[in-house]
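Please read them with the structure open.

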Amino acid sequence: MQKIILKISHEDLSPIDDKKFECFILDEGLSSHFKNEFALKAKAKEKLVLALSLSDCLAYKLDGIILDLSKSQHIAADYKKLTKDLKNKFIGAICRNRRHEAMLVSECEPDFIIFKAWKDGSDKIKELTSWYNEMFLIQSALYPQENIDYPSFETDFVILDK
């Protein structure tokens, strides 16, 4: 069964107390005050908080970051550049939904790799996540962009929007 990573897009602290959620992603559009408060309260509950930007990760002393490498033409170089200041942080990396890009991102050794999924083409993405989990030890996550049957995907995590 997949663990849920909840992306926080609205200023609401209540998910911190929900036992279903052990990890959160803070949207960049949230206020600085809220990000700081959320990070402190989540840390007190021993829950992980990830950022979508390097500046947020460092400013709020978050546990890690989600890097979007899906448009990168130089995955290894971009990964190295983006993570040079992130010692001892969790790193998730979004890649294109292709085997070759999944392999390139995996060679960078993030903590987990993220595949986006839409209803249109979900069977192809389901096959990709199945293949990935057979070939690699790095954990995988699914970030559904539409309402899809995410439990049927072979991933360790699913990222849901709040």
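1. Helices here are DSSP runs of H or I with at least four residues, strands are runs of E with at least two, and both are numbered from the N terminus. R99 is partly exposed, at a relative accessible area of 37%. On the scale used, buried means under 20% relative accessible area, exposed means over 50%, and partly exposed lies in between (1.4 Å probe, protein chains only).

2. A word on the basis of these notes. The model is predicted, with local features requiring pLDDT of at least 70 and side-chain atom pairs counted only at pLDDT 80 or more, while totals for chains, interfaces and linings use all residues. Residues are numbered from 1 along each chain as its sequence is written, and side-chain values use heavy atoms, with hydrogens and water left out.

3. Which residues does R99 touch, not counting those up to four places away in sequence? They are E127, L128 and W131, where contact means heavy atoms within 4.5 Å. The C-alpha atoms of R99 and W131 are separated by 8.5 Å, although the two residues are 32 residues apart along the chain.

4. L128, one of the residues touched by R99, belongs to helix α5. L128 is buried, with a relative accessible area of 4%. Leaving aside neighbours within four places in sequence, the contacts of L128 are N97, R98, R99 and F115. From L128 to F153 the C-alpha distance is 9.5 Å, for a separation of 25 residues in sequence.

5. Helix α5 as a whole covers residues 122-135. Its 14 residues should span 20 Å at 1.5 Å a residue, and the end C-alpha atoms are 20 Å apart, so the two values agree. The expected span is 1.5 Å times one less than the number of residues in the helix. The buried residues of α5 are S122, I125, L128, T129, S130, W131 and Y132. These buried residues pack against α4 (99-107), β6 (112-117) and β7 (139-144). As background, an α-helix has 3.6 residues a turn, so residues three or four places apart point the same way.

6. How many helices and strands does the protein chain have? There are five helices and eight strands, and along the sequence they follow the pattern β-β-α-β-α-β-α-β-α-β-α-β-β. The radius of gyration is 15 Å, close to the 15 Å from the globule rule for 162 residues, so the chain is as compact as a globular protein of that length. That radius is taken over C-alpha atoms, and the rule is 2.2 Å times the number of residues to the power 0.38. The C-alpha trace spans about 40 × 35 × 25 Å along its principal axes.

7. Of the 162 residues in the protein chain, 46% are buried. Among contacts between residues at least 6 apart in sequence, 54% join residues at least 24 apart.

8. L62 lies in the loop between α2 (54-59) and β4 (64-68). Is L62 buried or exposed? At 3% relative accessibility, L62 counts as buried. Apart from neighbours within four places in sequence, L62 is in contact with L26, A39, V49, L50, A51, D56, C57 and K89. By C-alpha atoms, L62 and P144 are 24 Å apart in space and 82 residues apart in sequence.

9. L52 is also a loop residue, placed between β3 and α2. L52 is partly exposed, with a relative accessible area of 27%. Not counting residues up to four places away in sequence, L52 touches K7, I25, L26, D27, E28, I65 and I66. One of these, I25, is 27 residues from L52 in sequence, with a C-alpha distance of 7.2 Å.

10. E46, in the loop between α1 (32-44) and β3 (48-51), has phi near 60°, a positive value in a residue other than glycine. At 74% relative accessibility, E46 counts as exposed. E109, in the loop between α4 and β6, has a positive phi of about 65° although E109 is not a glycine. E109 is exposed, with a relative accessible area of 63%.
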